[in-house]
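Dear colleague,

I am handing over a structure that you have not worked with before, and my notes on what was found in it follow. Please read them with the model open beside you.

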Amino acid sequence: MSDPTPALPETPAVVPWYHWLWVAPFALVLRLWLATLRIRSNRSAIDDADGGRIIVLWHDRLFVSGLVARRHFRRPINALISTSKDGGWLVAFFRLMGLKAVRGSSSKRGAAALMTLTRVVRAGEHAGVTPDGPKGPARVCKTGVVALAKLTGRPIILMGLDYARCWRLRNWDRFALPLPFSRVDVRFEDIPCPARDDDDDVVATRIQERPDALSGR
């Protein structure tokens, strides 16, 4: 999630229900692909009995995020997804993978998305945030994730995903796809909720350094 500066509302693009028939086979292929990966984690499970958290990972590591989330978290996870047509397809895909979606970004429906995420975290669910999305710069943490933590009073948990072998797409963040049957190292790190008087930019910079270390370059 990015800077929650109020923006002109935009109606999120929605994929018609019958197009989900195209998404479902792709989701099945992905599930089979993910099943071949050898996942190693520094935690067997995340103790989330006390409530929701803000889960932070880089955008280029989204490919296995649903699998890792289902294995490590008991409470539902709400992913922030852009309002674009591509985001509409991603919503359909995420739902088939067992994740919820909140539509918005730093430039479109940013304030509305922040408020929705605040409500779901206060209600006890998790918020999944890629602070460099949806268009970058890659691996630069924007301050929206700090604002969300302050509004909810909930801690942040960083999710680092290091791929032993992967393909890279030629998009803005060189999105990574781990090769089938390869190893994925998952590392979690907790960050306490920042104090209300902490500088958002300073906290964002501090957060930015850790996912890099956990996820590899």
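Contact, as the word is used below, means heavy atoms within 4.5 Å. Helices (H or I, at least four residues) and strands (E, at least two) are DSSP runs, numbered from the N terminus. This is a predicted model, in which local features need pLDDT of at least 70 and side-chain atom pairs count only at pLDDT 80 or more, while totals for chains, interfaces and linings use all residues. Residues are numbered from 1 along each chain as its sequence is written, and side-chain values use heavy atoms, with hydrogens and water left out.

As an overview, the protein has 6 helices and 9 strands, and 53% of its 217 residues are buried (buried means under 20% relative accessible area, exposed over 50%, and partly exposed in between, with a 1.4 Å probe and protein chains only). Among contacts between residues at least 6 apart in sequence, 79% join residues at least 24 apart.

The axes of helix H5 (residues 144-152) and helix H6 (residues 200-215) come within 8 Å and cross at roughly 110°, where axes are lines fitted to C-alpha atoms, for helices over the stretch in contact, and angles run from 0 to 180 degrees between N-to-C directions. H5 is therefore roughly perpendicular to H6, a term that covers angles of 65 to 115 degrees, with under 35 counting as roughly parallel, over 145 as roughly antiparallel and the rest as oblique. Val145, Val146 and Lys150 in H5 meet Asp200, Val203, Ala204 and Ile207 in H6.

The peptide bond from Gly136 to Pro137 is cis, with omega near 5°, and Pro137 lies in the loop between strand E5 (126-129) and H5. Arg174, in the loop between strand E7 (166-168) and strand E8 (176-178), has a positive phi near 55° although it is a residue other than glycine, and Arg174 is partly exposed at a relative accessible area of 48%. Phe181, which is placed in the loop between E8 and strand E9 (183-191), likewise has a positive phi, near 70°, and with 58% relative accessibility Phe181 counts as exposed.

Finally, a search of the whole structure finds 0 disulfides, a disulfide being a pair of cysteine sulfur atoms within 2.5 Å. Cys141 is buried, with a relative accessible area of 8%, whereas Cys166 is partly exposed at 31%.
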